[in-house]
Amino acid sequence: MKEFWSSRIRDMVPYTPGEQPKDRKFIKLNTNENPYPPSPGALAAIRELAGESLRLYPDPEAGKLRGALARFHGVGEDQVFVGNGSDEVLGFCFQAFFGPERAICFPDISYSFYPVYAGLFGVPYEEVPLNGDFSVPVEEFIGNNGGVILPNPNAPTGIALPLSDIERLAAGNPDAAVIIDEAYVDFGTDSALALLDRYPNLLVVRTMSKSRSLAGMRVGYAIGSANLIAALNCVKNSFNSYTLDRVALAAAEGSVADNDYFEETRSRIMATRERTAEQLTAMGFQVCPSRANFLFVSYPGVSGKELLDGLREKGILVRWWGKPRISDHLRITIGTDGEMDALIAALAQLTGQT
């Protein structure tokens with residue numbers, strides 16, 4: 001019964017987040033969280049902030065954080081926008097840059113929030129089929145569209161496009177916004193930030209949830225031309241001027257200042273990813289070439305759902321989608337070395353290799 005529901009959402013299928021278990025302790029490899037704690041600088045900033053100042057509203061302009069991010073990335077402060085996680089930033093992007101006049105494009109296998117936002121905001125869209133190897137057919141995203149949104153590396157495959165292909169997208173769509181969702185870029189992919197000076201239609205969206213271990217703080221940001229950032233601010237300030245609270249702002253500023261820790265932990269995750277990919281390949285798994293903090297895998301003759309359920313029984317959570325083309329695949333977050341060793345042992349049992 002959906003009495004009083006808006007017609008806009010009555011038939012909508014909302015995004016389904018990964019399970020956050022409450023009934024027992026699991027090895028949690030299902031939501032792409034960082035296995036390492038936030039940086040000491042971020043934690044110190046949180047402790048220092050937790051006091052009487054919480055009675056005051058946060059800075060609606062997030063000036064200190066925007067300044068820190070601008071210095072870190074070598075851009076102007078007027079080129080930086082921050083929001084409550086990259087999901088909110090992306091939602092603002094749909095409102096700021098896409099309209100009902102022309103369909104936007106994104107891959108058919110990609111972040112499942114994109115069609116949800118398109119439906120919510122009345123934006124027509126085309127889901128462009130990935131190639132058989134899950135690579136992106138770049139030419140299909142060029143021209144005759146109302147905008148492009150693309151994760152790089154893609155999710156849930158982990159496959160990355162080279163910077164030359166991102167440039168083709170920006171150059172080939174001069175009259176539309178091209179949004180590159182770089183949630184996982186810090187794990188081995190070249191960032192499109194290097195192209196911003198040449199393409200005023202290009203916007204890069206980032207998150208601090210993955211490589212900076214701040215999923216619990218919900219901090220996302222976008223970098224682009226001052227014109228695009230002004231459009232995002234117009235949407236934000238028409239909706240909620242205070243998108244980031246004081247604690248989140250402090251944590252993010254502390255993390256940006258602690259670059260050595262950032263480099264150390266992301267390097268550890270990349271090394272563990274490569275080791276795990278090699279082990280799974282040796283066991284007969286098909287493993288997509290990942291540049292993210294997860295692996296997208298399948299095993300011949302065993303369904304993805306069977307592996308999902310078998311791992312859960314053994315206390316390990318991974319992510320599965322019962323969708324065409326990927327129903328036999330699992331997305332596995334990279335955990336600590338010990339957690340990945342436990343995963344390998346469990347998969348060996350489930351595939352009859354022990």
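The legends below describe close-up views of a predicted model.

**View 1**
I223 counts as buried because its relative accessibility is 1%, and the cut-off for buried is under 20%. Beyond residues up to four places away in sequence, I223 touches H73, V75, Q79, V80, L193, L196, L202, L203, V204 and I229.

**View 2. R206 and its polar contact with E182.**
R206 belongs to strand β7, residues 202-207. With a relative accessible area of 6%, R206 is buried. Its side chain makes a polar contact with the side chain of E182 at 2.8 Å. Neighbours within four places in sequence aside, R206 is in contact with H73, S86, E182, V185, D186, S191, L193, G220 and Y221.

**View 3. Buried and exposed residues of helix α1.**
Helix α1 runs over residues 40-49, and A42, A45 and L49 in α1 are buried. These residues are on the same side of α1, because they cover an arc of only 65 degrees around the axis. An α-helix has 3.6 residues a turn, so residues three or four places apart point the same way. The exposed residues R47 and E48 are carried by the face of α1 turned away from its buried side.

**View 4. Packing of α1 against α7.**
The partner of the buried residues of α1 is α7, residues 246-257, against which they pack. Those buried residues are A42, A45 and L49.

Definitions and conventions
Residues are numbered from 1 along each chain as its sequence is written. This is a predicted model: local features need pLDDT of at least 70, side-chain atom pairs count only at pLDDT 80 or more; totals for chains, interfaces and linings use all residues. Side-chain values use heavy atoms; hydrogens and water are left out. Buried means under 20% relative accessible area, exposed over 50%, partly exposed in between (1.4 Å probe, protein chains only). Contact means heavy atoms within 4.5 Å. Helices (H or I, at least four residues) and strands (E, at least two) are DSSP runs, numbered from the N terminus. A polar contact is a pair of N or O atoms within 3.5 Å; within protein, one must be able to donate a hydrogen and the other to accept it, and residues adjacent in sequence count only if both atoms are side-chain atoms. The arc is that of the directions from the helix axis to the C-beta atoms.
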